[in-house]
Amino acid sequence: MAEQTPTGAAPDGGRPGGPGPRTVIENCAVATVDAAGTEYATGHVVVAGRTIEAVGAGPAPAGLADVVRRIDGTGHLATPGLVNTHHHFYQWLTRGLAQDSNLFDWLVELYPTWARIDETMVHAAASGSLAMMVRGGVTTAMDHHYVFPRGTGDLLGAEIRAAAEVGVRFTAARGSMDRGKSDGGLPPDFAVEGLEEALLATEAAIDTHHDASFGSMLQIAAAPCSPFSVSTALMREAAELARRKGVRLHTHGSETVEEEKFCHELFGMGPTDYFESTGWLGDDVWMAHCVHMNDADVAAFARTGTGVAHCPSSNARLAAGIARVPEMLAAGVPVGLGVDGTASNESGELHTELRNALLINRLRGGEKALTARQALRLGTYGGARVLGREAEIGSLEPGKLADLVLWKLDGIGHASIADPVAALVLGAAAPVTLSLVGGTAVVEDGRLTRVDEEGIARLTRDEARRLARIAGLT
């Protein structure tokens, strides 16, 4: 990637009252992922300040003022930044454990360790999780944190701090659990909260951190963990709280056959009917996994606009099954991609989920179940829609935020694939030459620009070892 910074650029990067300093990217393939699926074999993107000013074929318009950076994108594909819709950052410290377990056995084995996390550990884990995703093309991250052992510091704040340090756009889903082992749940009692405690903490997180403005770098969602770790009262009251505060709702849903059996035994109905009975279907809701859904469930999600975070690698790792993504998309269900916690997806990368989503869905639905372009849309616009931010991010269109990625496709891993989108989705994990969040570079030539990658690696190793010692694993 060649570039030139004009010597005549204004020192402050733009004229007073103007659109802001411009970055011009030219000579690259462009996949806009707009409603029409517009692509350019050779095109340009002009960024002005924090937003996209122009996208089109051929070179950028001549005579642009305040160009502070001009990039020759030959051999690259420009796409919207990837949007992660489900994760558990803290699990970065427990990767590689419970390697051959299904979900329930995996949870039983790991909850006693997770219940011993503290603020320092969570900041390290969030830093590692975010670093891995962002250097792989993620520009909007999401995390669902629901383990809050007493007296361990500001765990949600630790994640928020890490996201700001890396420079990524962030949705922090303030999770909660109030059904401990003594009440028939899986987590240890000392790792769960009381009903009122959880609601008050969620409301405080919203009041302190949520920013609903255009271009927000931080939003909060209300996110009780799952039907088998949360009381019905918490589900209902969290939904009421979220709607009163104007934030989105997130939880796990229909992940395993065991969960469906649990819901029938405890509530007398399946997961989707239970969610509807507690106010948890709607266009302000998205759920992780949704693997075991029948036709009526898919129709209910489509009717209500309830979104889905599809996590193919995690579902395979825990042998949970294959979500019915093609049927969901055909019905109009909003679907995005999720890494999920890195104790069930040790790579911690979202761009590999583009390929895995396509391959896994073809195993169940045949060779036309999902195309390369549908997979890219899941990871970009689909994720933006699930997070309620499709008017701001998820496609390369004038007026949207300049969250974009330049993927290097002229190396040995991709150069012989003529179709750049196929090269990105079906080929090896593509290197990221440049990643912008709101027009600001967070990755340059495959390296994070704002944090020390080697330092994060050392920190996560040390904190993982400390957690293992405290939990009695070493």
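## A buried pair: R169 and D403

D403 is buried, with a relative accessible area of 4%. Here, buried means under 20% relative accessible area, exposed means over 50%, and partly exposed lies in between (1.4 Å probe, protein chains only). R169 is buried as well, at 1%. The side chains of these two residues meet in a salt bridge, 2.8 Å from N to O. A salt bridge is a side-chain nitrogen of Lys or Arg within 4 Å of a carboxyl oxygen of Asp or Glu.

R169 lies in strand 9 (residues 169-176), and D403 lies in the loop between helix 12 (372-386) and strand 15 (404-408), so the pair ties together parts that are 234 residues apart in sequence. Helices (H or I, at least four residues) and strands (E, at least two) are DSSP runs, numbered from the N terminus.

## Basis of the values

The model is predicted: local features need pLDDT of at least 70, side-chain atom pairs count only at pLDDT 80 or more, and totals for chains, interfaces and linings use all residues. Residues are numbered from 1 along each chain as its sequence is written, and side-chain values use heavy atoms, with hydrogens and water left out.

## Other salt bridges

The count of salt bridges is 28. One of them joins D118 and R466, whose closest N and O atoms are 3.0 Å apart. This pair links distant parts of the chain, 348 residues apart: D118 is in the loop between helix 1 (103-114) and helix 2 (119-134), and R466 is in helix 14 (residues 453-470). D118 counts as buried at 18% relative accessibility, while R466 counts as partly exposed at 23%.

R174 forms a salt bridge with E193, with 2.9 Å between the closest N and O atoms. R174 lies in strand 9 and E193 in the loop between strand 9 and helix 4 (195-209), so the pair ties together parts that are 19 residues apart in sequence. Both R174 and E193 are buried. Elsewhere, a network of salt bridges links R135, R447, E453 and E454.

## Cysteines

A disulfide is a covalent bond between the sulfur atoms of two cysteines. In this model a disulfide is counted when a pair of cysteine sulfur atoms lies within 2.5 Å, and the count comes to zero. C263 is in no disulfide; the nearest cysteine sulfur, that of C290, is 12 Å away. C263 counts as buried, at 0% relative accessibility.

C311 is also in no disulfide, and its nearest cysteine sulfur, that of C290, is 9.4 Å away. The relative accessible area of C311 is 0%, so C311 is buried.
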